[in-house]
Amino acid sequence: MFISIILGQGQNLSVNVAYPEKLTTLYQEWQNIYLSFYKKALRGKVANMGSLAAPPIDWHARLVQAEAQFLSAFHYWLRSAELFEIRKQIAQASQKNQTPYLDVFITCSTLTLAKLPWEVWEIGTEFALESSQIRIVRTAKNRQGTATATQGKYPHKARILVILGDDTGLNFESEKQAIASLKDYADVKFIGWQSNKNIDDLKTEIVQTISSQNGWDILFFAGHSNQTNLTGGELGIAPGVALSISELEPALITAKDRGLQCAIFNSCNGLSIADKLIDLGISQVAVMREPIHNKVSAEFLPRFLQALSEYKDVHESLIFAAHYLKVEKNFTYPSAYLIPSLFRHPGSELFRLKPAFMDEGIKKLIPNRREIIVLSVLLIISLLLPVQQFLLQRRVLLQAIYRQLTGQFATVATPPVLLVEIDEDSIRKAKISNPKPIERKYLASLIDRLTANQAKIIGIDYLLDRHQEASDSILAKSIKTAVESEKPTWFVFAGTLNKKSQWLRVLPNIANLNWSLEGEIELFPGYMQLLPDHNSPSSPWSFSSLLTLGHELQQIPNAPQPKLDSQSDFSLQMRNFLYRQEEDKKDISPILTSLISKRSHSQLITVLSYQLNQVWMHPIIDFSIPPKQAYKTIPAWQLLENKVIPKNLPEQIVIIAPGGYEEAGISQDGEDNFSVSDFPAIKYWRDQENPINQSQVLTGGEYHAYMVHHLLTERLVIPIPDFWMIGVAILIGKSLSLYLLPSKKSNQLQSLIIVTIITGVYGLISLQLYISATAILLPWLLPSVTLWFYILSAILDKKSDE
């Protein structure tokens with residue numbers, strides 16, 4: 001007897017061996033008892049229902065015994081010395097194999113050999129190998145046709161043609177239900193015999209459907225079949241009517257050319273059918289070598305299709321179903337697991353159902369354990385506010401350096417804000433013993449000097465909520481004098497909530513809110529103060545927004561003006577006027593348009609993020625702009641002593657604020673002084689001054705001056721959350737690692753260069769986008785770390801695989 005074996009790598013082995021006649025005898029005994037058992041079993045079940053008497057012979061016991069005797073002799077022969085060299089070479093190939101399975105293709109020279117259950121050959125046990133690593137698969141003696149090409153890179157939904165043949169004595173309901181269960185994975189079409197169908201029409205329908213223009217991936221047949229010597233087997237398509245494979249050959253070749261890869265015959269005696277279809281070029285064919293009981297088919301097929309639906313290949317699915325029959329159903333259906341066989345073209349790719357491209361892509365994007373750990377750390381880091389603040393300010397520093405290197409900042413002769421600072425020198429020169437609260441008389445002298453120089457709008461960054469009986473009237477007189485002048489000066493006073501949620505505001509004996517303004521001075525370091533929603537008219541505006549609004553409304557002739565005899569809230573007058581202008585679609589300045597735009601107000605996503613202790617999309621303070629471009633600082637004592645005479649004061653917004661002395665603050669000393677180390681961009685600009693500015697604090701007044709500058713110049717930088725961009729980086733990184741870097745031939749250095757270019761270009765784009773009029777801050781560090789993590793992981797995994 002001649003046996004030919006092809007290993008998975010294409011290595012051919014062959015041997016002529018003495019075939020023991022006893023094995024044929026034992027096989028025939030097993031075969032006869034197998035056929036008797038399944039015939040008697042059907043009758044026996046009917047007898048249990050009261051139709052027939054129980055059979056006198058225990059065919060189950062005899063079949064189990066015959067199977068054991070036959071398999072014992074078969075395994076003994078397979079372990080013979082004649083086959084040792086082949087077994088050894090297969091075992092060695094298995095040890096070197098890098099894939100989960102080594103497929104061993106067997107071709108038999110005679111039908112006697114072909115009928116043997118080669119699938120149970122336990123090659124690995126002899127050499128202490130896992131037998132599951134070696135799979136036995138059959139192939140035809142003659143293979144003239146070219147195997148069907150496998151599915152493309154972007155898989156389509158599989159198409160399955162189901163031919164239901166002669167159902168005499170059979171029941172196809174289980175097949176129909178099992179195949180219909182694949183509707184989510186494949187398009188299924190059923191054709192076949194019906195009692196009212198003409199036989200010639202049925203034959204024509206079968207041939208034409210097999211060769212359909214759209215093509216099929218799987219051809220499935222259920223019914224009666226038989227093997228023949230010359231026609232490649234025949235299929236019972238109707239009672240007493242059969243179609244030979246040779247009659248179907250032209251249609252099958254056409255179907256193969258149009259993508260048919262797999263044929264499954266849940267019918268009897270399929271060896272010659274499999275040989276013929278492999279010869280035609282169908283890449284894989286699953287058949288039953290012996291007759292199979294209808295109830296066994298009902299158990300086998302659902303498990304086979306279940307494995308297919310789990311994206312196992314055809315061979316894995318067949319092994320899974322046969323194993324189920326052996327382990328779960330062997331008592332009920334003994335020896336049934338020995339019947340299924342897979343024939344396959346050597347070198348062809350095993351067919352498996354593939355999800356739609358998008359579904360497959362989404363499945364591949366699911367992170368593994370290492371990715372879950374690393375990405376969780378990165379995402380958690382991105383949600384920590386201290387980390388966000390740290391990264392934000394270092395990014396702003398980088399933007400400051402980028403601005404200076406590229407020269408992308410304007411040099412202004414007169415900045416929009418004049419910051420009058422009451423600093424330590426001013427306090428000492430004025431002989432103020434306790435600057436908390438600041439002396440009202442001193443504030444009055446500053447106001448007098450500013451109004452004398454035609455200051456049009458003055459913001460006082462001091463809370464005037466406590467009485468100073470000796471000097472309140474002096475301050476009130478200076479303010480009222482400025483308001484009732486021919487060109488009234490607008491005043492914006494500081495206000496805020498204390499820890500008991502009580503509003504601290506300017507005393508009514510100093511100023512009346514019917515002709516002055518009051519703005520919130522509470523700061524959130526690093527971020528802008530946003531305007532309240534239009535639907536909240538009673539909500540206070542920020543100190544900086546009211547200064548900006550007042551400055552712009554002064555340019556409109558019919559805008560409200562502060563009047564000492566006004567009987568309504570001046571802030572509401574201003575806002576109502578502004579919104580009326582908007583509703584009437586009257587021309588207003590771009591700055592006013594910006595003030596009432598959505599960008600200046602709290603957005604829904606930002607408000608919702610507050611509940612998560614986040615500040616998503618909240619505009620930031622752009623400290624990358626040099627301070628001298630935003631404001632000019634004058635110590636209060638120099639203003640009073642005429643050491644510095646302000647120029648262009650009518651065009652500027654004036655803010656009187658603490659100048660960094662230790663007592664500055666509301667609830668505690670120094671509260672108004674921020675450490676400059678927390679704002680490295682400010683320190684960077686101060687280091688550029690000559691002489692170098694040695695101040696270690698950023699005052700609240702400077703902070704307000706920056707916000708006024710941003711509102712006047714419509715400069716609101718919106719930061720995109722790191723958390724979001726890490727999510728984008730995950731998708732890009734995973735996609736790159738899956739689709740651009742998986743090939744073993746790919747150049748790892750080239751991959752690293754590509755990713756370096758990607759992150760570098762992204763960094764440059766994000767730097768320029770920040771400075772541009774779009775004013776969007778795209779985070780760079782954490783998203784880039786995420787991308788690099790995926791690429792380096794893919795490279796390391798590739799090295800370990802190699």
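Colleague: How many bridges join strand 9 to strand 10?

Modeller: Strands are DSSP runs of E with at least two residues, helices are runs of H or I with at least four, and both are numbered from the N terminus. Two strands pair if DSSP finds at least two bridges between them. Here, strand 9 (residues 234–238) and strand 10 run antiparallel and are joined by 4 bridges. Ala-238 lies opposite Val-241 in strand 10. This is a predicted model, in which local features need pLDDT of at least 70, side-chain atom pairs count only at pLDDT 80 or more, and totals for chains, interfaces and linings use all residues. Residues are numbered from 1 along each chain as its sequence is written, and side-chain values use heavy atoms, leaving out hydrogens and water.

Colleague: What is the order of the strands in the open sheet?

Modeller: The order is 8-9-10, with antiparallel pairing. Strand 8 (225–226) and strand 10 (241–244) each have a single partner strand, so one side of each lacks a neighbour in the sheet.

Colleague: At what angle do the axes of helix 5 and helix 9 cross?

Modeller: Axes are lines fitted to C-alpha atoms, for helices over the stretch in contact (heavy atoms within 4.5 Å); angles between N-to-C directions run from 0 to 180 degrees. The axes of helix 5 (residues 173–180) and helix 9 (residues 294–309) cross at roughly 5° and come within 9 Å. Helix 5 is therefore roughly parallel to helix 9 (angles under 35 degrees count as such). Among the residues that meet are Ser-174 and Ala-178 in helix 5, and Leu-301 in helix 9.

Terms used
Angles under 35 degrees count as roughly parallel, over 145 as roughly antiparallel, 65 to 115 as roughly perpendicular and the rest as oblique.
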